[in-house]
Amino acid sequence: MDELLTPAEMGRADALAGNARALMDAAGRAVARAVRLRYAPCPTLVLAGPGNNGGDGHVAAAYLRQAGWAVRVRAWNEASVAEVERAALVIDAIFGAGLARDIAPEVAALLRAARRLVAVDVPSGLDGATGAVRGYAPQAELTVTFFRAKPGHYLYPGRGLCGELALRDIGLPATVLEEIKPQTWLNSPALWCLPARAPTAHKYAAGDVTVLCGTMPGAARLACAGARRAGAGMVTLAADAPFIPPEAGLIVRAEPLEALLRDTRRRVWVCGPGLGKQAGEKLAQLLAAGRTVVADADALTACAGAPEKLRGAAVITPHEGEFNRVFGPLRQDRLSAARAAARHTGAVTVLKGADTIIAAPDGRAAINANAPSYLASGGTGDVLAGLIAAVLAQEMPAFEAACAAVWLHGAAASEAGPGMLAEDLPARLGPLMAALRKESWIEP
């Protein structure tokens, strides 16, 4: 159930099923049931549009009337603001997720007048493919959608406008997905499996991660902590200058990069956190040597306006500001932008944010939804870079490794709770990974 379908893909699924009348009846029944479960009977107005979304609204109204509710249905172009204001509850069945234009001002005025609103499929005006608002979209308390959710349900601002999301089965067979072949998923352990460690494995078999360190080592040390706790067998801090000795168990090497690269066991590298102006030169050396590189922070800044310099990296991890510097301004369609960046660089692109997107060069993408808002604090991205490197070092494919690391990162923040620091995250990873192993989200 973790596939996310674009509006076009959902339309194709409906067409493949070939039972439009039964699907509309099931959808309307599902809306009515969701409303009854959440609200006590009250004067309700259904605003119906001209398409299938409006049809779902008419069916929902019929089922609510059967349950004793006082329900009126009005076509959106016949309803008045005063009618909307009088209703205790409004069911928005005007436009669905496939809206291709900005909604008209008179529609926006109706929706603004609603005191409490339930949306059918999406709040009208919300682009189901991108999460963008087409002119105006109302704030829903509840959004009821069917078969599979859409990217716009999980991409901001859409994610915030949907309120509680209720995904309901309406009898559409899952076999239609074999024909559609969706390329977007909600990120979860159902999408990947953490690698298992053999009983006879030695430390190098669990992967070797080297983190480049500049004159300000705090960021690199956080990356090292993420890598160590995520299961890397060996983690080395490659420092150009001496500093306060690190925690026990972290190896520090001060040889030139050229010397460290002679050790072929040093396969996975983190380049960027706290590295400063030397990041661009060192990134180029690592890529020329054919190493598996997670490029973060200063390594991304060093490629401002020149994304081709990132070709050869395994994973890049820009936040919005870094993405803008490297690839140009982000538009409303962040999902397409992340995919384009991955295609251009050949690197799995982790576009960080409240709705972090993981995009692969082959077009696959996942949207992450488990990260709490308090994860947005200094140093957490450095921990994520180390976490990604650790699972890469354990021979997870790059897309799956990035998805797993992003999910674990969000789950660790939720476990740590409000007021967490970046330093709190690594210690939460072990129990989370152990729980996944117990639940079989790990390779046998």
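This report describes the fold of one protein chain, from its overall form down to single residues.

## Basis of the model

The model is predicted: local features need pLDDT of at least 70, side-chain atom pairs count only at pLDDT 80 or more, and totals for chains, interfaces and linings use all residues. Residues are numbered from 1 along each chain as its sequence is written, and side-chain values use heavy atoms, with hydrogens and water left out.

## Overall form

The chain has 17 helices and 16 strands. These are DSSP runs numbered from the N terminus, with helices being H or I of at least four residues and strands being E of at least two. Along the principal axes, the C-alpha atoms fill a box of roughly 75 × 45 × 40 Å.

Of the 444 residues, 55% are buried. Buried means under 20% relative accessible area, exposed means over 50%, and partly exposed is in between (1.4 Å probe, protein chains only). Contact means heavy atoms within 4.5 Å. Among contacts between residues at least 6 apart in sequence, 69% join residues at least 24 apart.

## Surface and charge

The accessible surface of the chain is about 18,300 Å², and 53% of this belongs to carbon and sulfur atoms. Such areas come from the Shrake-Rupley method with a 1.4 Å probe; for residues, only the protein chains shown count as cover.

There are 45 positive and 42 negative side chains, and the centres of the two sets lie 2 Å apart. Lys and Arg count as positive and Asp and Glu as negative, while His and the chain ends are not counted. The place of a charge is NZ of Lys, CZ of Arg, CG of Asp or CD of Glu.

Strands of a sheet pair through backbone hydrogen bonds, either parallel or antiparallel. Here two strands pair if DSSP finds at least two bridges between them.

Trp269 has Val293 in β12 as its bridge partner. Strand β12 (residues 292-295) is covered on both faces, with Thr292 and Val294 buried on one side and Val293 and Ala295 buried on the other. Strands β15 (residues 357-359) and β16 (residues 365-367) pair in the antiparallel sense over 3 bridges. The bridge partner of Ile358 in β16 is Ala366.

## Strands β3 and β4

Strand β3 (residues 89-93) runs parallel to β4, and 3 bridges join them. Ile91 stands opposite Val118 in β4. In β4 (residues 117-120), Leu117 and Ala119 point one way and Val118 and Val120 the other, and all are buried.

## Backbone exceptions

Most residues other than glycine have a negative phi, and most peptide bonds are trans. Asp121, which is not a glycine, has a positive phi of about 75°. Asp121 lies in the loop between β4 and β5 (142-146) and is buried, with a relative accessible area of 11%. Glu395, also not a glycine, has a positive phi of about 70°. Glu395 sits in the loop between α15 (380-393) and α16 (398-416) and is exposed, with a relative accessible area of 67%.

The peptide bond from Tyr156 to Pro157 is cis, with omega near 5°. Pro157 is in the loop between α6 (151-154) and α7 (158-161).

## Two further residues

Trp69 is in the loop between α3 (52-66) and β2 (71-75). Trp69 is buried, with a relative accessible area of 6%. Leaving aside neighbours within four places in sequence, the residues in contact with Trp69 include Val35, Tyr39, Ala40, Leu64 and Leu89. Trp69 and Ala40 are 29 residues apart in sequence, and their C-alpha atoms are 9.1 Å apart.

Gly280 belongs to helix α11 (residues 279-288) and is partly exposed, with a relative accessible area of 25%. The C-alpha atoms of Gly280 and Ala299 are separated by 5.7 Å, although the two are 19 residues apart along the chain.
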